Amino acid sequence: MIPRLGEEEAQAAADAVRSGWVAQGPRVARFEQEFAALVGAGHGVAVSSCTTALHLALVVLDVGPGDEVIVPSFSFIATANAVRYVGATPVFADVDLDTGNLTVDTVDAVRTSRTRAVIGVHQGGVPFDVVALREAAGRWGVALVEDAACAAGSTAYGRPAGTGAALAAWSFHPRKLLTTGEGGMVTTDDPAWAARLRRLREHGMNVSAAERHASAQPVLESYLETAFNYRMTDIQAAVGLVQLGRLAELVAQRRALAARYQDLLATIDGLVPVRDPEHGETNFQSFWVLINPEYPGSRDEVLAELAVAGVSARRGIMAAHLEPAYADLTSGPLPVTERLTRDSLILPLHHALTEDDQDRIVGVLRKLAG
């Protein structure tokens, strides 16, 4: 992945620096409003990362010790880590082979009387079935948090990913289509949750710094609860506002490149590229390929050959339950997760990728296939 950053972003960041307001301020507020509008949410609360967004989402749900939160192991480790931040226990569920996402059945298979929440991940930008999982969560009486770290620009049932989510967490890391360097967002339609999220990101303070400075009279703030420093800077938000204007173009470009990859790979037996699910469209934040047994090379052999050819590919999405950090956590069988993490790899896909680059990349895969 190569982020698309140019002179407009540089100018916006410089303007923020020259303004004298570089911490959380008016640009953050505008970025929150415009991003929330983009994803169809009532409120946006900018934070320092998607990890902190997930953490705060669980805090406002009052999830804590003794509770279980169902998560996919097939996700970046931050998804599971956020559960441990609040003292709850992550419970790993398996995923669908085609989408890499949780389903109602995989969640139900590990659900217990202690389940308080589910974190559904729109993995790699592929939207999970929000209608089915939201309905099931409501029926079970558990909260559904949507980890939309990769999903800006994806759609589910014709609407932007995150629309209608009780709580959705977003990432603006440089590997994402829309980047602020580091940074994240929580979106929600609940005004009370939004108000508490704003307090929690700023030490539990009942009045923000921007509100204090805007007041003509001295403001004596109060600290209502033990909270965190999870703020975004106005410099980051300035970059994010420019990036918002690029998102539709970037999604269209990536979808066109992904379609070309799919066409080229269709002629090679044993390679299965990621595709849109029936219920939505992906932004192709990550373009992964599953290697079936009939393909002659293993995932690691393919990565090695690509590296020799000067192609920077990477292993597929990790399985958190296989990492040392979760060796102490007992989980049930996760055959699809382990298959995907063992037998998939991520190919380059970014705004600077050319058709010649794609031909060269696929040429290596075709040569290995004989």
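How do the residues of the lining of the largest pocket divide into nonpolar, polar and charged? In this predicted model, the lining comprises 10 nonpolar, 12 polar and six charged residues.

The largest pocket holds about 550 Å³ of space. Its lining is made up of 28 residues, and those nearest the centre are Phe76, Ala149, Cys150, Arg175 and Lys176. Two or more lining residues come from each of α3 (50-60), α4 (78-85) and β13 (314-315). Helix α3 provides the largest share, three residues.

The second largest pocket has a volume of about 330 Å³. Of its 17 lining residues, Gln24, Arg198, Arg201, Ser208 and Glu211 are the closest to the centre. Helices α2, α7 (191-200) and α8 (209-214) each contribute at least two residues to this lining, and α2 gives the most, with four residues. By class, the lining has seven nonpolar, four polar and six charged residues.

**Aromatic pairs**

The structure contains nine aromatic pairs. Two of them are set out below.

| Pair | Distance of ring centres | Angle of planes | Arrangement |
|---|---|---|---|
| Phe31 and Phe172 | 5.3 Å | 55° | tilted |
| Phe228 and Tyr230 | 5.0 Å | 10° | stacked |

Phe31 belongs to helix α2 (residues 26-39), whereas Phe172 lies in the loop between β8 (167-171) and β9 (184-188); the pair therefore ties together parts that are 141 residues apart in sequence. Both Phe31 and Phe172 are buried. These two residues also form one aromatic cluster together with Phe35 and Trp170.

In the pair of Phe228 and Tyr230, the planes stand at 10°, so the arrangement is stacked. Phe228 has a relative accessibility of 22% and therefore counts as partly exposed. Tyr230, at 15% relative accessibility, counts as buried, because buried means under 20%.

**Helix α6**

Helix α6 spans residues 130-140, and its buried residues are Val130, Leu133, Ala136, Ala137 and Trp140. These residues lie on the same side of α6, because they cover an arc of only 140° around the axis. The elements that cover them include α5 (104-108), β5 (143-147) and β6 (155-156). On the face turned away from the buried side, α6 carries the exposed residues Gly138 and Arg139. Gly141 follows the helix and has a positive phi, near 75°.

Technical notes: Residues are numbered from 1 along each chain as its sequence is written. This is a predicted model: local features need pLDDT of at least 70, side-chain atom pairs count only at pLDDT 80 or more; totals for chains, interfaces and linings use all residues. Side-chain values use heavy atoms; hydrogens and water are left out. Buried means under 20% relative accessible area, exposed over 50%, partly exposed in between (1.4 Å probe, protein chains only). The arc is that of the directions from the helix axis to the C-beta atoms. Contact means heavy atoms within 4.5 Å. Rings of Phe, Tyr and Trp (its six-membered ring) pair if their centres lie within 6.5 Å; planes under 30 degrees apart count as stacked, over 60 as edge-to-face and the rest as tilted. On a 1 Å grid over the protein atoms alone, a cavity is a set of points where a 1.4 Å probe fits but cannot get out, and a pocket is an open set with protein on both sides within 12 Å along at least five of seven lines; lining residues have an atom within 4 Å of a point. Grid points are joined across faces, edges and corners, and a volume is the space filled by probe spheres set on the points. Ala, Val, Leu, Ile, Met, Phe, Trp, Tyr, Cys and Pro count as nonpolar, Asp, Glu, Lys and Arg as charged, and the others, Gly among them, as polar.
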